[in-house]
Amino acid sequence: MNLFKRYLRNPAAVVGLALLLLVILGALGADFAFPRNPLSLAGRPLQWPGDNARFLFGTDQVGRDIAAQILHGARVSLAIGLVATAIAAFIGLVIGALAGFYGGWLDDVLMRVTEAFQILPNFLLLLVLVAVFGSEIQTVVLSIGLVSWPPVARLTRSEFLTLRQREFVQAARSLGVGDFKLIFREILPNALPPVIVYASVIMAVAILLESALAFLNLSDPNVPSWGNLIGAGRGVIRVQWYVSAIPGVAILVTVLGISLVGQGLNDALNPRLHRS
């Protein structure tokens, strides 16, 4: 309860939570508002918003309802962000925990592997993975998770290096607690707050990465993602700019909401700010 009160004291965090809840409600209500397949033809192509009462945001160049794609795309984009974040967090937590707890040669090996993944920019490595393994949505999500874990591993390692010398860890070790329980029951719960905060960054970046892939026609064209809609509107952006602008605003609102929520969590979980 105290955490929630501290979170609500931050106006920007409240705005972010409201924006994120708006996107989530849109995703949950997509099937009720638009029960048909959002990728099916709905009317005359390239109708501007307001030209036809049936199409709140108009239609794209093949006659699909943009509003339907926005709401259904919210579900796809949030799912991409959540699953990719879960994959990155799992890999990063395991590698960072092992490196920080044991140290020595294992730490050196795992950190060299982490650095190897960080040599190339995330998006360039993502392009390579998608080019090799295909652009199905499952492959795209897995690839985004695989390029996003190194910062989590480094953050977890630094937390473990600090926490492994604490009194509660030494006490548990003196009682005969095994390494597995020390890592995952004693130290990891205390190392999670900064990782949880950073997860919001991963989720926002994952949505942007998928949108960038879709803009380059490298994401799955069979899902109604916002990136696919932006990419589809690229050819008519000079005259029918709304086709790309509307999903762009949806991405902006979602990423902004996630970022503000993450910042609010950081402020609420930071003990130094509590004391001040």
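1. A salt bridge is taken here as a side-chain nitrogen of Lys or Arg within 4 Å of a carboxyl oxygen of Asp or Glu. The model is predicted, and by this rule it holds five salt bridges.

2. Arg 154 forms one of these with Glu 115, the closest N and O atoms being 3.3 Å apart. Because Arg 154 lies in helix H8 and Glu 115 in helix H5, the pair ties together parts that are 39 residues apart in sequence. Arg 154 is partly exposed, with a relative accessible area of 32%, and Glu 115 is partly exposed with a value of 32%. Salt bridges that share partners join Arg 112, Glu 115 and Arg 154 into one network.

3. A salt bridge also links the side chains of Asp 107 and Arg 157, at 2.7 Å from N to O. Asp 107 belongs to helix H5 and Arg 157 to helix H8 (residues 150–163), so this pair ties together parts that are 50 residues apart in sequence. Asp 107 is buried, at 8% relative accessible area, whereas Arg 157 is partly exposed, at 22%.

4. The side chains of Arg 64 and Asp 60 meet in a salt bridge of 2.8 Å, N to O, and both Arg 64 and Asp 60 are buried.

5. Which residues of H6 are buried? They are Leu 125, Leu 126, Leu 129 and Val 130, and they lie on the same side of H6 because they cover an arc of only 135 degrees around the axis. These buried residues pack against helices H5 (104–118), H7 (137–148) and H10 (179–215), while the face turned away from the buried side carries the exposed residues Ala 131 and Val 132.

Technical notes
Residues are numbered from 1 along each chain as its sequence is written. This is a predicted model: local features need pLDDT of at least 70, side-chain atom pairs count only at pLDDT 80 or more; totals for chains, interfaces and linings use all residues. Side-chain values use heavy atoms; hydrogens and water are left out. Buried means under 20% relative accessible area, exposed over 50%, partly exposed in between (1.4 Å probe, protein chains only). Helices (H or I, at least four residues) and strands (E, at least two) are DSSP runs, numbered from the N terminus. The arc is that of the directions from the helix axis to the C-beta atoms. Contact means heavy atoms within 4.5 Å.
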